[in-house]
Amino acid sequence: VDIELAHVDESQSYEVVATARAVSDGREARRWTRHLPAKARQSETITLPWPDPVLWDLGSPHLYDLELE
């Protein structure tokens, strides 16, 4: 999962929490937390590993919603 943050304030540090939830029942499938230290930047890309997601298929249309905090 790649997330791009734009227009970040380079004088502040950030904690990003991303939660993937199954659309079918709302259950939490995966949660990531990343700390971004203050540094000179206008944007930041975060890569979140997810080695074993249940993928969408015709016989199993599994989808996720991604919530960012």
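**The chain as a whole**

What you see above is a predicted model. Let's start with the fold: how many helices and strands does the protein chain have? There are 5 strands and 0 helices, so a walk from the N terminus reads β-β-β-β-β, because strands and helices are assigned as DSSP runs.

Next, look at the outline. The C-alpha trace spans about 50 × 20 × 20 Å along its principal axes. The radius of gyration of the protein chain is 15 Å, while a compact globule of 69 residues would come out near 11 Å.

**A cluster of rings**

Now zoom in on the aromatic side chains. A pair of aromatic rings is described by the distance of the centres and the angle of the planes. The model holds 2 aromatic pairs. One of them is made by Trp32 and Trp50, with 5.4 Å from centre to centre and 75° between the planes. Why is this pair called edge-to-face? The angle of 75° is over the 60 degrees that the label requires.

Where do the two partners sit? Trp32 belongs to strand β3 (residues 28-36), and Trp50 lies in the loop between β4 (43-47) and β5 (64-68). They are 18 residues apart, so this pair links distant parts of the chain. Ring pairs also bring in Tyr64, giving a cluster of Trp32, Trp50 and Tyr64.

**His62 and its surroundings**

Tyr64 has another partner too: its side chain and that of His62 are joined by a polar contact of 3.5 Å. His62 is found in the loop between β4 and β5. Beyond its neighbours within four places in sequence, His62 is in contact with Ala22, Arg27, Val54, Leu55 and Trp56.

| Residue | Relative accessible area | State |
|---|---|---|
| Trp32 | 4% | buried |
| Trp50 | 18% | buried |
| His62 | 17% | buried |

Why does Trp50 count as buried? Its 18% is under the 20% cut-off, so the label applies. His62, at 17%, is buried because that value is also under 20%.

Conventions. Residues are numbered from 1 along each chain as its sequence is written. This is a predicted model: local features need pLDDT of at least 70, side-chain atom pairs count only at pLDDT 80 or more; totals for chains, interfaces and linings use all residues. Side-chain values use heavy atoms; hydrogens and water are left out. Rings of Phe, Tyr and Trp (its six-membered ring) pair if their centres lie within 6.5 Å; planes under 30 degrees apart count as stacked, over 60 as edge-to-face and the rest as tilted. Helices (H or I, at least four residues) and strands (E, at least two) are DSSP runs, numbered from the N terminus. Buried means under 20% relative accessible area, exposed over 50%, partly exposed in between (1.4 Å probe, protein chains only). A polar contact is a pair of N or O atoms within 3.5 Å; within protein, one must be able to donate a hydrogen and the other to accept it, and residues adjacent in sequence count only if both atoms are side-chain atoms. Contact means heavy atoms within 4.5 Å. The radius of gyration is taken over C-alpha atoms; the globule rule is 2.2 Å times the number of residues to the power 0.38.
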